[in-house]
Amino acid sequence: MDISITGLHIHTDPKLKEYAHKKAKKLVKYHAKITDLKVRLFAEKAHRSEDHDYYCEITVHVPGKILEIVDKERDVTKAIDKAADRMKKALIRHREKEISKRHKEGLAAKLF
């Protein structure tokens, strides 16, 4: 599995990259067949001296599907946390659907 972390219009210091890497690495335990995981951090300039908005986009490649989550927050770490939580739910849902599909196929094979 390959984890890549990139930033656009944002200064990604080593602590921030390490934080994002730690959160991304935790996602592996929710789906065993992850082949590629990308975390992209974006900063958007604020209008009229307001706080900047930070985006965290997480893209996960699993066999047969690409899952993508984008979240926006005023703090970059909060954006990472929120995106990681939403991706965790999406991975669990995808894995459960796969298991359900295989279970139904097994039942159909037994009946016919």
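1. Contact, as used in this note, means heavy atoms within 4.5 Å. The structure is a predicted model, in which local features need pLDDT of at least 70, side-chain atom pairs count only at pLDDT 80 or more, and totals for chains, interfaces and linings use all residues. Residues are numbered from 1 along each chain as its sequence is written, and side-chain values use heavy atoms, with hydrogens and water left out.

2. Asp-53 lies in strand S3; helices (H or I, at least four residues) and strands (E, at least two) are DSSP runs, numbered from the N terminus. Not counting residues up to four places away in sequence, Asp-53 touches Phe-42, Ala-43, Glu-44, Lys-72, Glu-73 and Arg-74. Asp-53 counts as buried because its relative accessibility is 13%, where buried means under 20% relative accessible area, exposed over 50%, and partly exposed in between (1.4 Å probe, protein chains only).

3. The side chain of Asp-53 makes a polar contact with that of Arg-74 at 3.3 Å. A polar contact is a pair of N or O atoms within 3.5 Å; within protein, one must be able to donate a hydrogen and the other to accept it, and residues adjacent in sequence count only if both atoms are side-chain atoms.

4. Side chains of opposite charge can pair when their charged atoms come close. The rule applied here for a salt bridge is a side-chain nitrogen of Lys or Arg within 4 Å of a carboxyl oxygen of Asp or Glu, and by this rule the count comes to 7 salt bridges. Asp-53, Lys-72 and Arg-74 are linked in a network of such bridges.

5. Lys-72 counts as partly exposed, at 45% relative accessibility.

6. A second salt bridge to note is formed by the side chains of Glu-57 and Arg-40 (2.3 Å, N to O). Because Glu-57 lies in strand S3 and Arg-40 in strand S2, the pair ties together parts that are 17 residues apart in sequence. Glu-57 is buried, with a relative accessible area of 14%, whereas Arg-40 is partly exposed at 24%.

7. The side chains of Arg-86 and Asp-71 also meet in a salt bridge (3.0 Å, N to O). Arg-86 belongs to helix H2 and Asp-71 to strand S4, so the pair ties together parts that are 15 residues apart in sequence. Arg-86 is partly exposed, with a relative accessible area of 38%; Asp-71, at 5% relative accessibility, counts as buried.

8. The largest nonpolar core has 26 residues, and those with the most contacts inside it are Val-39, Leu-41, Cys-56, Ile-58, Val-60, Met-87 and Leu-91. At least two residues of this core are supplied by each of helix H1 (14–26), strand S2 (36–44), strand S3 (53–62), strand S4 (65–73) and helix H2 (76–111). H2 provides the largest share, 8 residues. A nonpolar core is a set of buried Ala, Val, Leu, Ile, Met, Phe, Trp, Tyr and Cys residues joined through side-chain atoms within 4.5 Å.

9. Leaving aside its neighbours within four places in sequence, Val-39 is in contact with Ser-4, Ile-5, Thr-6, Ala-20, Ala-24, Cys-56, Glu-57 and Ile-58.

10. Lys-23 lies in helix H1 and counts as partly exposed, at 23% relative accessibility. Not counting residues up to four places away in sequence, Lys-23 touches Ile-80, Asp-81 and Ala-84. Lys-23 and Ala-83 are 60 residues apart in sequence and 9.6 Å apart in space, C-alpha to C-alpha.
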